Amino acid sequence: MPALITFGRILFAVLFIYSGAYKLLGIEATAGILTAKVTIPAVVAPYTQQIENFVGMPFMQLLAITVGVFEIVAGLMIALNLLARFFAILLIIFVCLATFYFHDFWNQPAPDNYNNLVQALKNLSLIGALFIIAGYGRGPRRDDPAYGDV
């Protein structure tokens with residue numbers, strides 16, 4: 001069973017690794033999508049302006065790079081089973097936010113919302129798998145009972 005779990009973790013992590021790499025290879029396009037979907041609150045806007053001045057690039061472009069790197073790192077950590085619970089919980093929050101901002105099927109008319117509804121349901125399934133990883137963690141130790149034996 002542990003070999004199957006390891007294989008499952010690796011296959012599961014491929015989605016996040018690929019998605020992060022795709023974002024990093026198309027930073028301008030990703031920043032454009034973020035600009036269209038995410039609104040910076042007025043309270044935070046002065047701070048984002050300071051970050052833009054410090055880094056020398058638009059905030060949404062920096063956010064695109066950050067999200068891409070986060071997805072790759074989180075995917076690798078889950079695949080390698082290092083801090084898997086921690087990164088699974090971070091990815092739960094990330095996928096919830098991504099679903100809310102980018103797959104808002106509830107704001108679209110009936111025939112047009114189908115694709116976003118399917119994407120939201122896919123993300124719900126990913127969240128379920130991340131909860132399993134967060135609950136299972138690194139897996140049973142040699143002296144602990146196996147997951148199914150509890």
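Predicted model: local features only at pLDDT ≥ 70, side-chain atom pairs only at ≥ 80, totals over all residues.
Student: Where is the kink in α1 centred?

Tutor: Look at A13: a kink of about 25° is centred there.

Student: Which residues of α1 are buried?

Tutor: Here's the general idea. An α-helix has 3.6 residues a turn, so residues three or four places apart point the same way. Now the case here: the buried residues of α1 are R9, F12, A13, F16, S19, G20 and K23. What covers them includes α2 (27-37), α4, α5 and α6.

Student: On to the core. Which residues of the largest nonpolar core touch the most other members?

Tutor: Those are F12, F16, I78, L91 and L130, out of 18 residues in that core. As for where the core comes from, α1 (2-25), α4 (59-80), α5 (84-102) and α6 (114-136) each supply at least two residues. The largest share is from α5, with seven residues. Apart from this core lies another, of five residues, including A31, L34, M60 and A64.

Student: What is L91 in contact with, leaving aside its neighbours within four places in sequence?

Tutor: With those neighbours left out, L91 is in contact with F16, F70, A74, I78 and L130.

Student: Now the pockets. Which residues lie nearest the centre of the largest pocket?

Tutor: K23, V67, F94, A98 and F102 do, among the 30 residues that line the largest pocket. Its volume is about 900 Å³. The elements giving two or more residues to the lining are α1, α2, α4, α5 and α6. Again α5 has the largest share, this time six residues of the lining.

Student: Last one: the loop between α4 and α5. What is phi of N81, a residue found there?

Tutor: Phi of N81 is near 65°, a positive value in a residue other than glycine. L83 lies in the loop between α4 and α5 as well, and phi of L83 is near 55°, also positive in a residue other than glycine.

Student: Is N81 buried or exposed? And is L83 buried or exposed?

Tutor: Buried means under 20% relative accessible area, and exposed means over 50%. N81 has 16% relative accessibility, so N81 counts as buried. L83 has a relative accessible area of 54%, so L83 is exposed.

How values were computed: Residues numbered from 1 in each chain as written. Heavy atoms only, no water. Core = buried A, V, L, I, M, F, W, Y, C linked by side-chain atoms within 4.5 Å. Buried < 20%, exposed > 50% of the residue type's maximum accessible area, 1.4 Å probe, protein only. Helix = DSSP H or I, 4+ residues; strand = E, 2+ residues; numbered from the N terminus. Contact = heavy atoms within 4.5 Å. Bend = angle between axes of the 7 residues up to and from the residue. 1 Å grid on protein atoms, 1.4 Å probe; cavity = no way out; pocket = protein on both sides within 12 Å on 5 of 7 lines; lining within 4 Å. Points joined across faces, edges and corners; volume = space filled by probe spheres on them.
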